[in-house]
Amino acid sequence: MKKHSARVAPLSACNSPVLTLTKVEGDERSHDCTTPAEAQTQAGMEAGGRGSPCCQTCSMIQLKKIFWGVVVVLGVCSSWSGSTQLAKLTFKKFDAPFTLTWFATNWNFLFFPLYYIGHVCKSAEKQSPQQRYGECCRFFGDNGLTLKAFFTKAAPFGVLWTLTNYLYLHAIKKINTTDVSVLFCCNKAFVFLLSWIVLRDRFMGVRIVAAILAIAGIVMMTYADGFHSHSVIGIALVVGSASTSALYKVLFKLLLGSAKYGEAALFLSVLAVFNILFVTCIPVILYFTKVEYWSSFDAIPWGSICGFSVLLLTFNIILNFGIAITYPTLISLGIVLSVPVNAIVDHYSSDIVFNSVRVIAIVIIGLGFLLLLLPEEWDEWLIKLLTRLKVRKKEEIPEGNGDIVSGLQNKSRRTRPSMSSFTH
């Protein structure tokens with residue numbers, strides 16, 4: 001049996017955003033650049049000199065990443081909250097969550113063509129579509145994308161992808177978008193628990209606390225509406241969606257490792273092919289059994305359906321390929337920021353009641369999500385920061401004492417003549 005631990009180890013499943021498959025190409029180079037730069041910066045500060053050109057270059061790169069991070073955060077926030085609101089609006093005229101899931105998943109087929117267009121525009125060594133496809137197919141094995149690889153390495157993730165999106169959309173029918181978006185943030189806590197158990201990631205007490213906060217937030221959110229049946233069902237659907245999303249990520253890291261951009265684009269396009277070939281029959285069955293029925297194709301709100309699909313596609317593109325231009329942590333912040341955006345929209349468009357229990361639950365889940373964004377070395381960085389502060393205080397205290405002693409000596413010198421003149 002082929003071992004995949006070497007591919008899983010470089011990118012922890014808990015540190016990447018929701019449903020992200022990609023690993024930054026040249027990630028090792030970026031670490032090699034930043035570490036010496038930090039060392040040179042510290043040496044320059046201690047020597048009282050200026051930073052080296054390499055340090056300045058790395059600083060510019062970091063500033064550029066932060067700038068693009070703001071753009072990406074706004075893109076993730078607007079696309080995620082916009083797709084959620086459009087889904088809610090669509091269900092008022094088109095009550096078919098599974099059909100909407102199927103329709104939106106088909107748009108994943110555009111992943112690889114869009115990636116190839118970007119490859120042609122940016123890459124110095126341009127390849128034909130067949131050559132690029134052949135290289136990306138190696139991700140599925142030495143023999144490429146065979147029928148066996150399709151059913152063993154793509155089909156299970158196609159099922160999990162469909163379940164994640166269907167449960168999320170079905171929950172939007174039951175409860176408001178604010179509760180849905182904040183409860184889905186528990187996804188990251190589930191990813192940590194599964195990666196800790198399955199992938200044997202590093203144990204971190206702060207992440208255990210975050211997972212406990214997420215579970216407490218779920219309970220409080222259920223209590224906020226008084227345990228009504230529709231509320232409990234909706235919350236259960238969102239938690240199920242977050243759980244399948246976490247399972248999707250952890251299984252991907254376990255079985256396939258991490259993918260480059262072209263490999264991830266091809267993989268997501270293959271999921272669309274699986275959706276077209278094997279999932280199409282389910283919406284047809286639901287239509288003829290009148291579980292998800294619509295009177296005519298003219299009655300379908302194509303504008304909102306296509307708008308939802310485009311926004312969801314945009315969200316997944318930014319989520320999976322945004323790490324090429326910024327930090328994964330900044331991308332994850334966009335998901336958290338979608339919660340207040342949905343809350344503002346719900347406040348003016350629905351009869352949601354923001355009682356104290358609901359607000360506390362939202363704050364607790366958001367806090368747990370933010371704790372999960374802390375890097376693994378956060379405690380070491382905190383200890384170094386506290387050590388530096390202590391050293392600076394020790395250096396300032398002797399200088400201050402010297403000033404005080406010299407001041408007292410000068411004062412005593414000034415007072416001695418006056419005392420002698422007084423005695424005379």
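**Contacts and overall make-up**

I started with contact range. Of the contacts in the protein chain with a separation of 6 or more, 84% are between residues 24 or more positions apart. I note here that I am working on a predicted model. I then looked up the secondary structure and found 17 helices and 0 strands. The chain has 424 residues, and 44% of them count as buried.

**Helix H5**

I turned to H5, residues 111-122. Its 12 residues reach 16 Å from first C-alpha to last, close to the 16 Å expected at 1.5 Å a residue. Which residues of H5 are buried? I listed Phe 111, Phe 112, Tyr 115, Tyr 116 and His 119. Looking down the axis of H5, I see these buried residues fall within an arc of 125°, so they line one face of the helix. On the other side of H5, I noted Ile 117 and Cys 121 as exposed. What covers the buried residues of H5? I found that the cover includes helix H6 (129-137), helix H12 (261-279) and H14.

**Asn 316**

I followed H14 next and picked Asn 316, which sits in this helix of residues 302-321. Its relative accessibility is 3%, so I count Asn 316 as buried. Leaving out residues up to four places away in sequence, I found that Asn 316 touches Phe 111 and Trp 161. Phe 111 is one of the buried residues of H5.

**Thr 177**

I moved to helix H8, residues 177-184, where Thr 177 is placed. Is Thr 177 buried or exposed? I have it as buried, because its relative accessible area is 1% and the cut-off is under 20%. I found a polar contact of 2.8 Å between the side chains of Thr 177 and Gln 85. With residues up to four places away in sequence set aside, Thr 177 touches Thr 84, Gln 85, Lys 88, Ile 172, Asn 342 and Asp 346.

**Salt bridges**

Side chains of opposite charge can pair when their charged atoms come close. How many salt bridges are there? I counted 3.

I took Asp 95 and Lys 173, whose side chains meet at 2.7 Å, N to O. This pair links distant parts of the chain, 78 residues apart. I placed Asp 95 in the loop between helix H3 (53-90) and helix H4 (97-106), and Lys 173 in helix H7, residues 147-174. I logged Asp 95 as partly exposed, with a relative accessible area of 42%. Lys 173 counts as partly exposed too, at 32%.

I went on to Glu 135 and Arg 132, which form a salt bridge at 2.9 Å, N to O. Both lie in helix H6, 3 residues apart, about one turn of the helix. I read Glu 135 as partly exposed at 33% relative accessible area. Arg 132 counts as buried, at 15% relative accessibility.

I ended with Asp 179 and Arg 358, where the closest N and O atoms of the salt bridge are 3.0 Å apart. Where do the two partners lie? I located Asp 179 in helix H8 and Arg 358 in helix H16, residues 356-372. They are 179 residues apart, and the pair links distant parts of the chain. I have both Asp 179 and Arg 358 down as buried.

Technical notes:
Residues are numbered from 1 along each chain as its sequence is written. This is a predicted model: local features need pLDDT of at least 70, side-chain atom pairs count only at pLDDT 80 or more; totals for chains, interfaces and linings use all residues. Side-chain values use heavy atoms; hydrogens and water are left out. Helices (H or I, at least four residues) and strands (E, at least two) are DSSP runs, numbered from the N terminus. Buried means under 20% relative accessible area, exposed over 50%, partly exposed in between (1.4 Å probe, protein chains only). Contact means heavy atoms within 4.5 Å. A polar contact is a pair of N or O atoms within 3.5 Å; within protein, one must be able to donate a hydrogen and the other to accept it, and residues adjacent in sequence count only if both atoms are side-chain atoms. The expected span of a helix is 1.5 Å times one less than its number of residues. The arc is that of the directions from the helix axis to the C-beta atoms. A salt bridge is a side-chain nitrogen of Lys or Arg within 4 Å of a carboxyl oxygen of Asp or Glu.
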